[in-house]
Amino acid sequence: MNEQTNTAPTTRTVRNRALLGTAVAVLLGGAIAGEAILLPKTMAYADPVRVEGVQPVSFADVVEKVRPAVVSVRVKGPAREMAGFDGQDFEFPKGSPMEKFFKQFRENGPDRQQRPFSTSLGSGFLISDDGYVVTNDHVVDDGQSMTIILDDGTEYVADVVGLDEKTDLALLKIKNPDREFTYVKFSEERARIGDWVVAVGNPFGLGGTVTAGIISADGRNIGAGPYDDFIQIDAAVNRGNSGGPAFNLNGEVIGVNTAIFSPSGGNVGIAFAIPASTAERIIDDLTDDGKVVRGWLGVQIQGIDRDIADGLQLADAKGSLVTEAQAGSPAAAAGLKSGDAILAVNGEDLEDPKALATKIASMAPGETVKVSVWRSGKAEEIDVTLGTLPGEEQLASLSPEEAPEVSPLADFGLVVAEGDEGVTVEDVDPNGQAAERGLQPGDIILAVGKSDVAKPADVEKLVKDAETDGRKAVLLRVKSGEQTRFVALTFVRT
């Protein structure tokens with residue numbers, strides 16, 4: 001007897017038939033010969049993809065709150081390099097309409113060659129509901145008219161309340177405000193390395209641009225001024241972001257974006273911001289009377305390395321060695337003298353000359369401070385009543401007896417100190433003639449003219465003598481690394 005063949009369709013057969021039927025039904029626009037196509041119970045549609053888990057942080061809530069307080073600053077002033085957007089920072093396909101447009105715009109703009117003025121663009125932020133705006137000094141420098149542009153496009157004319165070149169900060173005030181403005185405040189806590197940061201500003205004239213990153217480092221000295229203490233961030237910051245705020249996730253300003261490190265002129269992930277603690281102190285001073293008043297000690301100082309520390313019988317290579325107490329200064333009046341090592345002020349240890357300068361500058365003139373010094377192998381404390389750091393106007397108004405002695409090297413933007421081989425270049429003003437001639441901190445001045453030099457006083461005397469003799473320039477023999485060269489510095493006479 002033959003075995004019966006099992007004719008019951010398998011699940012796979014049913015599924016294949018159903019799919020075939022469905023395909024035919026679709027092609028014919030409905031059921032075949034009036035029969036409904038029944039799908040097997042085993043068939044079901046998959047759910048859409050959804051990833052469950054912790055989502056990345058969003059900055060949208062922060063941006064929504066703070067963005068109305070961030071402004072663009074348009075400055076009209078004497079013709080200079082434009083900081084705004086003219087397409088020159090972008091590369092377009094050769095021969096493309098965009099390339100042709102911007103080439104024509106740059107070269108054949110209305111009265112481009114004849115215009116006596118230029119317009120630059122920067123960023124800023126409101127710190128009060130009545131229109132006080134913080135930005136950078138270099139954004140408004142030499143500006144003859146300022147326009148504040150809000151996030152909604154509204155424009156207001158603004159006046160300069162005060163400027164501080166040493167920290168690159170400026171305070172503006174909107175004229176005739178017709179409403180209360182959204183504003184932000186400075187953070188009371190210093191940002192930590194690794195914290196999130198959100199930058200909002202006006203790069204290339206593209207207002208209201210938001211970028212984000214982290215605090216990469218702090219306490220950076222980039223040679224921008226005597227009180228460098230920058231926060232380093234990796235949020236994208238470009239030309240036009242200057243003066244704009246860097247926020248924490250609470251919407252508080254942790255820094256004022258000021259500079260970028262960029263071999264190409266564009267963002268490479270390294271930007272620098274003035275810390276909120278510094279900015280708030282400076283802005284408070286500018287709000288009071290439009291100027292910043294700093295404490296003044298009146299000493300020339302240099303750092304203490306291991307060899308100097310051993311010579312002074314100091315356990316640690318830190319502090320500031322006094323090379324000279326300026327005549328008529330608070331330091332000289334209190335008895336500070338050459339050879340003293342300043343280790344602390346009011347009990348706060350100060351690691352190096354930069355820390356000492358920043359500390360004294362942050363204190364009020366007339367305040368008496370305790371200066372901890374190391375003298376002749378032992379520690380002493382000296383009370384010093386601080387004076388007022390002379391500015392250019394103050395120096396011009398002081399009598400010869402009152403005015404502190406100004407180094408003849410100041411006109412060249414050059415600060416020197418005593419070194420092992422000769423006289424060390426300690427600091428160079430990036431905008432001065434010394435920097436233009438290629439002098440850099442760490443260079444050694446071996447001779448002035450035909451005379452060898454061993455200490456800063458030698459250099460200053462020989463330079464002063466050359467100027468008094470009516471010479472047009474003074475020649476320095478300088479050692480840079482392993483190379484020796486001559487550098488000519490010319491006298492500017494009025």
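Is Ser242 buried or exposed in this predicted model? At 16% relative accessibility, Ser242 counts as buried (under 20% relative accessible area; exposed is over 50%, partly exposed in between; 1.4 Å probe, protein chains only). In this predicted model, local features need pLDDT of at least 70 and side-chain atom pairs pLDDT 80 or more, while totals for chains, interfaces and linings use all residues. Residues are numbered from 1 along each chain as its sequence is written, and side-chain values use heavy atoms, without hydrogens and water.

View 1. His138 is partly exposed, at 35% relative accessibility.

**View 2. Salt bridge between Asp229 and Arg190.** Their side chains meet at 3.2 Å, N to O (a salt bridge is a side-chain nitrogen of Lys or Arg within 4 Å of a carboxyl oxygen of Asp or Glu). The two residues are 39 residues apart and link distant parts of the chain. Asp229 has 24% relative accessibility and Arg190 36%.

**View 3. Salt bridge between Arg477 and Asp452.** The N to O distance is 3.2 Å. Arg477 is partly exposed at 25%, whereas Asp452 is exposed at 58%.

How values were computed. Helix = DSSP H or I, 4+ residues; strand = E, 2+ residues; numbered from the N terminus.
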